[in-house]
Amino acid sequence: MATTNDLKNGMVLNLDGQLWSVVWFQHHKPGKGGAVVRTKLKNVLSGKVVDKTFNADVKVEVATVDKREMTYLYNDGESYIFMDATTYDQLPITPDVVGEASHFMLENQEAVVAVHEGTPLYVELPASVELTIDYTEPGLQGDRSTGGTKPARLETGYEIQVPLFIGTGEKVKVDTRSGDYLGRV
């Protein structure tokens with residue numbers, strides 16, 4: 001248990017049986033009345049974001065979320081298999097938990113897996129990854145005043161937009177949060 005005065009970004013709270021991650025918080029003391037803590041909370045499982053206001057010094061339950069360094073091994077068709085780097089235990093994780101991270105995962109890639117009471121909550125990849133362009137059309141520079149983009153399929157099968165000068169077989173850096181092209185490697 002903690003009080004609302006102890007809240008920090010990234011802390012996971014157990015409110016009404018659901019897990020909520022603190023995205024943003026602010027202590028606020030209005031002219032009259034008691035102090036309050038305004039928060040923006042994100043549901044860990046569904047991703048829904050809500051605004052919630054607590055009175056200051058109210059007790060809230062903090063959930064114990066274990067973030068472990070794991071290595072992505074392979075996809076067996078039903079789930080993604082991760083291996084704990086320290087204990088070598090293998091953990092199957094369903095595609096709905098992995099979510100958008102699956103677009104940027106290669107075998108033997110490191111990731112952080114958040115686990116609460118034995119249940120995987122989400123997979124966190126590094127901010128950017130280096131992937132090879134599997135296929136893209138040749139770029140034709142035409143009559144335009146700014147640089148154009150074209151679709152390109154990554155080695156994971158995910159499609160992103162890249163500048164016209166990028167060709168098949170090149171390594172590029174991709175933002176894992178938005179799927180944007182960041183540059184050549």
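Q: Which residue in S10 stands opposite arginine 68?
A: First, a heads-up: this is a predicted model, where local features need pLDDT of at least 70 and side-chain atom pairs count only at pLDDT 80 or more, while totals for chains, interfaces and linings use all residues. Residues are numbered from 1 along each chain as its sequence is written, and side-chain values use heavy atoms, with hydrogens and water left out. Strand S7 (residues 66-75) and strand S10 (residues 109-116) run antiparallel, joined over 7 bridges; two strands pair if DSSP finds at least two bridges between them. In S10, the residue opposite arginine 68 is valine 113.

Q: Which residue in S8 stands opposite threonine 71?
A: S7 and S8 also pair up in the antiparallel sense, over 5 bridges. Strands here are DSSP runs of E with at least two residues, and helices are runs of H or I with at least four, numbered from the N terminus. Across from threonine 71 you'll find methionine 83.

Q: Which glycine takes a positive phi in the hairpin of S7 and S8?
A: This hairpin has 4 residues between the strands. The phi in question is near 100°, and the residue that takes it is glycine 77.

Q: Is aspartate 57 buried or exposed?
A: Look in the loop between strand S5 (49-55) and strand S6 (59-60). Aspartate 57 has a positive phi of about 65° there, although it is not a glycine. Most residues other than glycine have a negative phi. Buried means under 20% relative accessible area, exposed over 50%, and partly exposed in between (1.4 Å probe, protein chains only), so at 53% aspartate 57 counts as exposed.

Q: What is the relative accessibility of tyrosine 88?
A: Tyrosine 88 sits in the loop between strand S8 (80-84) and strand S9 (90-93), and its phi is positive too, near 65°. Tyrosine 88 counts as exposed because its relative accessibility is 59%.

Q: What is the volume of the largest pocket?
A: On a 1 Å grid over the protein atoms alone, a pocket is an open set of points with protein on both sides within 12 Å along at least five of seven lines, and lining residues have an atom within 4 Å of a point. Grid points are joined across faces, edges and corners, and a volume is the space filled by probe spheres set on the points. For the largest pocket, that comes to about 830 Å³.

Q: Which element gives the largest share of the lining of the largest pocket?
A: Of the 28 lining residues, the closest to the centre include Lys42 and Tyr122. The elements giving two or more residues are strand S3 (18-28), strand S4 (36-43), helix H1 (95-98) and strand S11 (119-124). The largest share, 4 residues, comes from S11.

Technical notes: 1 Å grid on protein atoms, 1.4 Å probe; cavity = no way out; pocket = protein on both sides within 12 Å on 5 of 7 lines; lining within 4 Å.
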